[in-house]
Amino acid sequence: MVGIKDLGVGIGWRSEIDLTVERLPGVDFVEVVAENLHIGHLPESVTLLLERGVPVLPHAVSLSLGGADPVDLHRVEHLGAVAEAVGAPMVSDHVCFVRAGGLDSGHLMPVPRTRDALDVLVANVELAQANLPVPLALENVAALLEWPDGELSEGQFLAELVERTDCWLLVDVANLYANARNIGTDPERFLDEIPLERLAYVHVAGGEQHGDIYHDTHAHAVLPEVLEVLDELCSRVAPPGVLLERDDNYPSDTEIASELAAIRAVVDKHRG
Amino acid sequence: MAEIVNENELLVARERLAAQQAELLKALLANGPAPAGFDEQRLGVERRALLSKRRGIVRMLGPAVADELGDRFRPLFDAYAVENPRRAGSRAREDAAAFAEWCRARGELPEKRKARWKFWQSN
């Protein structure tokens, strides 16, 4: 795909670390949370990055494409408008549902891996795609619980989603690690099953182990085990980009820089 | 290649999925009964994780309220949250404002004082 190749190593732009993102060396691209941006009032820091030629990719968290409710086209339109405002080659959201039964979970909830859920997801994704100006990538989420009666593995579920909608995949290796710890997903099997030629880019994030549960907090350091999953992915395919997500409890510039360097080291190891 | 799903089948699938997802969110957010087939302990983990995330957002958006409540913030917020699950389409700021209002109504926070005109503010 034109425009998405060789994004390099990036970080999620957040207003709390705007200056950090601007001054860190080796930030090849950034992501912005689409819901937090207002068209016509882009943050100065984002404008500055755009002027420098840093690609800015809108990432959405509220489309609820795995939800049973019809897609809220206002949210899709906003995402598309953000993409146009920042000249993005691609946008993304998650394979999840956020709202159901009139309630809002405030989070990215896993969908049941059933034929019903897949059919609904495919229909929702197709409608979103038809209303977006650029291609859509969808991300695997971290689950704390497992739905009963799953008919497909997570990898099979995503593979079929790609086959039926021609969407791209945003693989979050921290979420994959979380699911391995929490619901028994096999990361190698997952990577075997998904169409890696449709990989848009990769997310890496930190988290914390509490008893027998791994929490994908985006507020702690990236675990070496998560970088091992990235290493496993890179042994199969050269990812077009890898992006660090940090959403809370922001560390010093030095710590963020060293996490980006650790990510780059894994990617470069496989480039020879 | 992918099967073509007809509109009726899709509608039925939507209805089944809607019921499953609504039941799960009701259990997690509004003290609803545990849906069949889920691990009860994990439902508890998820319930606490969602509550903690929501509490953290309300604390961030209304630090003055959290400070004023001190140690009472957490138990009060948790009681408020289960009585008032977030409605689809609502905003986090509305949640923070509704929590402060809920506290005032229960006498946990003083009544809102009338804003005094300050010469350095335009309104």
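**View 1. Chain B and its helices.**
Chain B of this predicted model contains 5 helices and 0 strands, and its elements follow one another along the sequence in the pattern α-α-α-α-α. Of the 123 residues in chain B, 22% are buried. Among the contacts in chain B with a separation of 6 or more, 44% are between residues 24 or more positions apart.

**View 2. The side of chain B that touches chain A.**
The contact between the two chains draws 32 residues from chain B and 27 residues from chain A. On the side of chain B that touches chain A, the elements giving two or more residues are helix H1 (7-29) and helix H2 (40-61) of chain B, and H1(B) gives the most, with 13 residues. By residue class, this side of chain B divides into 18 nonpolar, 4 polar and 10 charged residues.

**View 3. Strands S2 and S3 of chain A.**
Strand S2 (residues 29-33) of chain A pairs with S3(A) in the parallel sense over 4 bridges, and Val33(A) stands opposite His59(A) in S3(A).

In soluble globular proteins, nonpolar side chains tend to be buried together. The largest nonpolar core of this model has 96 residues, and those with the most contacts inside it are Leu121(A), Leu169(A), Val173(A), Val204(A) and Leu230(A). Helix H4 (residues 115-130) of chain A supplies the largest share of this core, 8 residues. A second, separate core comprises 12 residues, including Leu69(B), Phe73(B), Phe77(B) and Ala96(B). Leaving aside neighbours within four places in sequence, Leu230(A) is in contact with Val173(A), Val202(A), Val204(A), Val242(A), Ile263(A) and Val266(A).

Ala174(A) belongs to helix H6 (residues 173-183) of chain A, and because 20 or more other C-beta atoms within 10 Å make a residue buried, Ala174(A), with 27 of them, is buried. When its neighbours within four places in sequence are left aside, Ala174(A) is in contact with His203(A), Val204(A), Ala205(A), Gly207(A), Asp216(A) and Val226(A). The C-alpha atoms of Ala174(A) and Gly53(A), which lie 121 residues apart along the chain, are separated by 28 Å.

**View 4. Two loop residues with positive phi.**
Most residues other than glycine have a negative phi. His218(A), although not a glycine, has a positive phi of about 60°, and this residue is found in the loop between strand S11 (213-215) and helix H8 (224-234) of chain A. Asn249(A), also not a glycine, has a positive phi of about 50° and is found in the loop between strand S12 (241-245) and helix H9 (253-271) of chain A. His218(A) is buried, since 20 other C-beta atoms lie within 10 Å, whereas Asn249(A) counts as exposed because it has 11 C-beta neighbours inside 10 Å.

Terms used: Residues are numbered from 1 along each chain as its sequence is written. Chains are lettered from A and ligands numbered from 1 in the order in which they are written. This is a predicted model: local features need pLDDT of at least 70, side-chain atom pairs count only at pLDDT 80 or more; totals for chains, interfaces and linings use all residues. Two residues are in contact if their C-beta atoms, placed from the backbone, lie within 7 Å. Ala, Val, Leu, Ile, Met, Phe, Trp, Tyr, Cys and Pro count as nonpolar, Asp, Glu, Lys and Arg as charged, and the others, Gly among them, as polar. Two strands pair if DSSP finds at least two bridges between them. A nonpolar core is a set of buried Ala, Val, Leu, Ile, Met, Phe, Trp, Tyr and Cys residues joined through C-beta atoms within 7 Å.
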